Amino acid sequence: LLKRDIEGYHTTKQQAEKTARDLCEKLGYDLTEYKHVEIDSNMEKEGNAYIWYVDFYKEYDGLVDNYNKISIAFIPEINEIYYFIVSDENYENNPVEINEEQAKETALKEEKKTNLKYEVKDTSAELSIVSMNGEAYARTYNYKQFCEQRNTIDYPDNKYIEYRTDRHIRKAWKITIEYSISKSEMSDKSFNIQDLGYTYYVDATTGEIIGGEDYSKPIIN
């Protein structure tokens, strides 16, 4: 496909969504439950784009479910499909019985186990749909190991520790803890990029820590 001359085929963002819907229908997929739509292309300027990427996501209570989606990429005008991917996982749609403040308290209590001595700059919360993982446990159980295997290029496979969990897709509070760290502290050899903060997943029903992800805000000098 890529060997063909496809750079001359173009469309608009609005038409790209319509085409994507038509292609999905022809392939036998009903998009009625896929309320959230994201559209992108292979070029910065719409008029230059010749491959369009359209993702259709299911939504629950206003939350986008990244684990149940239909993704399609195609060449406009000739409508040739570049790829077509269906993600269909079991979202448990658990109720929200834990409030934001309770979730923050749980995450802060868990974070204390790392014994980081920095001052907490901010704690933010976002209700989201997440996949359970063992990342948060790895961080609090052995913080030094957690940092080393992330920061070391070609870290030995036989030393890498990963905590596996069942794959449950659930509603959770994503609690991000951000530390206030000075430039001098960042330049210290003991500083790890993971010291900047972390995002915990607090189950919206049970209040348990069910996973987490690395802090992703950029460093501002």
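Buried means under 20% relative accessible area, exposed over 50%, and partly exposed in between, with a 1.4 Å probe and protein chains only. The views below show a predicted model, in which local features need pLDDT of at least 70, side-chain atom pairs count only at pLDDT 80 or more, and totals for chains, interfaces and linings use all residues. Residues are numbered from 1 along each chain as its sequence is written, and side-chain values use heavy atoms, with hydrogens and water left out.

**View A. Tyr60 and Tyr91 form a tilted aromatic pair.** Welcome to the rings. The whole structure contains 12 aromatic pairs; rings of Phe, Tyr and Trp (its six-membered ring) pair if their centres lie within 6.5 Å, and planes under 30 degrees apart count as stacked, over 60 as edge-to-face and the rest as tilted. For Tyr60 and Tyr91, the centres are 4.7 Å apart and the planes stand at 55 degrees, so this pair is tilted. The two residues are 31 apart in the chain and link distant parts of it: Tyr60 sits in strand E2 (residues 52-60), while Tyr91 belongs to the loop between strand E4 (80-88) and helix H2 (100-111). Helices (H or I, at least four residues) and strands (E, at least two) are DSSP runs, numbered from the N terminus. Tyr60 is partly exposed because its relative accessible area is 23%, whereas Tyr91, at 8%, counts as buried.

**View C. Glu185 lies in helix H5.** This helix covers residues 183-187. With a relative accessible area of 32%, Glu185 is partly exposed. Which residues does Glu185 contact, leaving aside its neighbours within four places in sequence? They are Tyr118, Ser180 and Phe191, where contact means heavy atoms within 4.5 Å. Tyr118 is 67 residues away from Glu185 along the chain, and their C-alpha atoms are separated by 9.3 Å.

**View D. The second largest pocket holds about 150 Å³ of space.** On a 1 Å grid over the protein atoms alone, a pocket is an open set of points with protein on both sides within 12 Å along at least five of seven lines, a cavity is a set where a 1.4 Å probe fits but cannot get out, and lining residues have an atom within 4 Å of a point. Of the 11 residues lining this pocket, Ser124, Glu126, Thr176, Thr199 and Ser216 are the closest to its centre. Strands E5 (119-131), E6 (169-180) and E8 (209-214) each give two or more residues to the lining, and E5 gives the most, with 3.

**View E. The largest cavity has a volume of about 60 Å³.** How many cavities of 30 Å³ or more does the structure hold? There is 1. Grid points are joined across faces, edges and corners, and a volume is the space filled by probe spheres set on the points. Residues lining the largest cavity include Gly134, Phe146, Arg150 and Tyr163. Helices H3 (135-141) and H4 (143-151) are the elements that give two or more residues to this lining, and H4 supplies the largest share, 3 residues.
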